[in-house]
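The following paragraphs lead through a structure step by step. Please keep the sequence and the model in view while reading.

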Amino acid sequence: MFDFRIVTTWFDELLRVTCGLSNFWTILIECVVVGLAILLAYALLAIVLIFMERKVCAYFQCRIGPVRVGWWGTLQVFADVLKMLIKEIFAVDKADKLLYYLAPFLVIIASVGTFSFLPWNKGANILDFNVGIFLVTAISSIGVLGIFLAGWGSNNKYSVLSAMRGAVQMISYELSLGLCLISAVILTGTMQISGIVDAQTGPWQWLIVQGHVPAILAFLVFCIAGNAEANRGPFDLAEAESELTAGYHTEYSGMGFGFYYLAEYLNLFVVSGIATTVFLGGWAPLNIGIEGFDAVMNYIPGIVWFLGKTFVVVFLLMWIKWTFPRLRIDQILKLEWKYLMPLSLVILVLMTVCVAFGWTFTING
Amino acid sequence: MEEKKQSYFGEVGSALKTLATGMKVTMKEYFTPKSTEQYPENRETTLHVAKRHRGRLVFKRDENEDYKCTACTMCEKACPNGTIKIASEMVTNPETGKKKKQLLDYEYDLGDCMFCELCVNACNFDAIEFTNDFENAVFDRSKLILHLDKEIYKGGSLPKLIEGGADWKVGTFNTKKK
Amino acid sequence: MKLENKEFGFDSFATEMARLKNEKHFDYLVTVVGEDFGTEEGLGCIYILENTSTHERCSVKQLAKKVGEEFVIPSVIKLWADADLLEREVYDFYGIKFLGHPDMRRLFLRNDFKGYPLRKDYDMDPAKNMYTTEDDVELDTTTEWNLDKNGELVGTQHALFTDDNFVVNIGPQHPSTHGVLRLQTVLDGETVTNIYPHLGYIHRGIEKLCEQFTYPQTLALTDRMNYLSAMMNRHALVGVIEEGMGIELSERILYIRTIMDELQRIDNHLLYTACCAQDLGALTAFLYGMRDREHVLNVMEETTGGRLIQNYYRIGGLQADIDPNFVSNVKELCKYLRPMIQEYVDVFGDNVITHQRFEGVGVMDEKDCISYGVTGPAGRASGWKNDVRKYHPYAMYDKVNFEEITLTNGDSMDRYFCHIKEIYQSLNIIEQLIDNIPEGEFYIKQKPIIKVPEGQWYFSVEGASGEFGAYLDSRGDKTAYRLKFRPMGLTLVGAMDKMLRGQKIADLVTTGAALDFVIPDIDR
């Protein structure tokens, strides 16, 4: 398996030894390069995801989606992005200007922040703390603030209703989300993302297999709660296009709206990415204990594994979104507090019991 | 719907079953033929427009390209919108000496027309009809004012479509371009 | 139905109407027709009533009493709740003030409109009827009119809102009002406390236009009211004119009209079930409905030449004979549709989320449905047997076997399933008729100028979302003296306030979706 650390070490050596830069400059340049890489990947993935969403939803709906711009509509999203970039951004009369302009940035910060935690390949973790998982949930909570401030600052009654819905929903679902992550932490014994993935390498070591029943349940709950956290259907009632026109971002135009749009798709990716990391082994290839097969699988780069698994989860979430009608706010809360929360607690207990008694499929003990 | 008393878990189970049914249907539809028709690529190939579709009004012409309109203005009177304006003069036939109305101008404003077919119903001479020519978009409103007696209509932009175009079957869509 | 009006006189009107309702069981007020009867009789109203147990109908004519410059009639709002909007409509167009009606505001026209346009002496000079570009006046209060002891007209002001009300306008531009309807909604948090409907954003004055058009010309307008019931709308109008003229139609015409009406009903119900899904955020189910509706429209278009504006019935028959492939196409369509309807139910109707969203939402019991005039599938969902096809049969409906769908809960879920089941019934009707269309004339030739003898008629059909009626008062001319349509949606919108009090704002969208109204039909 290719270890990305070779590349990073070489680059570090290049700056320090070959160019002879001081510690400060080395780290500064590395940070800038990594930051640019994140933003580039972020933008490109958003475009890919938007295109994917449009095609997938079209196919579910017996349509063929965009086909006019570029071959098979591939340039459609670029055209849309261009359109969005050249649109004027203007605030509504009597809007709270500071909050109004601040809100999209908060959403983007939360989204980019969580995005940076994803493990792309062996040795290619951008942010890798010993409390990684914990920090992910903390940073993702900033997004709630963005949504709430946007609704409040817009001076629009629909937006206020939507902001309150969004805040209530996202805060509630963070509980299940957190509990599911904790059960994974119990199983792996670490909160560090690279550690969690490392624990899943080897034959039949993906957490979803390793932790069997409680892990599968935790994965499903995580998908539901993650969907709600990303504000996507059937939990998209903060947007609730048929009720509140566009909810909290009704009054945004141009890139103000563009940020929300980007963040929505990237949050989808981040949720899927974390689900992949924690339950489906991240970049860990599919190993079944037969040497030849495992060797072939190991030959496929980790980033392909990671993106492949993530997009499978993304497709699953899109499938759910384009099948079901939207819930009502009290039903969403009922689902969380009456069904998902107790279930995640049960999963937590079950997982602890399994780990304590060693009823897991682990090879390293 | 009978009132069913279900346990907490029974409720969850049957709920999940309905959700699974829904997802099964959408997955099935994911692979069924799509319904998007490829206009304008298909306009000369697989496009079908019903023969009776009311696209615009035209004069019926015989083989000598003569029209039958006698300028009796029945259509003009029947029109609820004042879409049709007919100008005529009295001409004396030099041989018989009889006076006869002669059509000077038959002005039809496509932009005002609401396609109710009352003019066709009112016509006693079978002189006008609607065709299924639907490509009527122009860049200027004034171009919508047509003079039916001055033009010889040969089927507009899609002459092959006048009889309905490509075949069509209930339950399917002509999604191909060719 | 040729109208034979009862007349009670101004003083005994209120008590006699109460007797009709309470003792004779005429508990469904079909419509209130305002009319300017001419210089001798002046303004007045015609009330059409139905006895819901025997389905007998009667009509009452009441002339307005002149008090000073004003015309007044006692309100019947306490007897029939749907009189609320119906009387406001009459006030709007004729300026008759209904005594005791708590909310005498204009309904369709702007608040700053001067005059009453359907009065025969209204000045139609275009220069005096220019459309204003000013903002409309927003009213916070409304007036109730009563006669005091001396017979003078006195007004009492009622406030529409209190100071701490949170008012949200749903519409006139809103994705789920299906057109330009404005529901001024008073909220307490997310709970609805009151709904004031504001209508008329797409009011085109069709009834006024009809008074200047010849009879064939009036037909051109009906398709444009409820465009999803285009066939039925026109069926009502040609029906009332043909009844007035006493035209005997051939069997072939009746067969084709019945089939077309049912195809149109399927078209409407497919769009309805699709839109229910869309309003709940299930866009995929919406597109499945739209896809299959295309096939229905294709079949109709081959014969009628129209998809939305069908333009098919005319006085004395049909615009054209059926297309040569019509019979085979319709049979194939029926075969195609049955499994598809199951698909909508699978993907949306039986879904647990849909049940959660629809059940117990917008509930109205049978008694209220009758009082509020909630006809059609929405009323039948609460068990009210009101199918015009069954109880006042027209065309072939008394010869075919079909079941009148009635359910019991009266909530949005039952309204949805009522529509679903009616699609199956419509398919049954079509399948009974399609193979047996008799030979004959498709059009009975009429005189070039159509005149209807003197008299008043009311003819109603079962539109896709309720009873659609046409009232015709003819004075023997080639134009109608008064032509009034009973729209399907007006009473539905009037009932929304009652249905939604105490429910969530999200339920407003759901209830609106499940009620099935089309705005151009309400506004006319």
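Buried residues make up 55% of the 524 residues in chain C; a residue is buried if 20 or more other C-beta atoms, placed from the backbone, lie within 10 Å of its own. This is a predicted model, in which local features need pLDDT of at least 70 and side-chain atom pairs count only at pLDDT 80 or more, while totals for chains, interfaces and linings use all residues. Residues are numbered from 1 along each chain as its sequence is written, and chains are lettered from A and ligands numbered from 1 in the order in which they are written.

Chain C contains 16 helices and 17 strands, which are DSSP runs numbered from the N terminus (helices: H or I, at least four residues; strands: E, at least two). Its radius of gyration, taken over C-alpha atoms, is 23 Å, close to the 24 Å that the globule rule gives for 524 residues, so chain C is as compact as a globular protein of that length. The rule is 2.2 Å times the number of residues to the power 0.38.

An automatic or database domain assignment divides chain C into domain 1 (5–129 + 136–160) and domain 2 (206–523). Where they touch, 18 residues come from domain 1 of chain C and 18 residues from domain 2 of chain C; two residues are in contact if their C-beta atoms, placed from the backbone, lie within 7 Å. On the domain 1 side, β2 (28–36) and α2 (83–94) of chain C are the elements that give two or more residues. β2(C) gives the most, with six residues.

Notes
A residue is buried if 20 or more other C-beta atoms lie within 10 Å of its own, exposed if 12 or fewer, and partly exposed in between; C-beta atoms are placed from the backbone.
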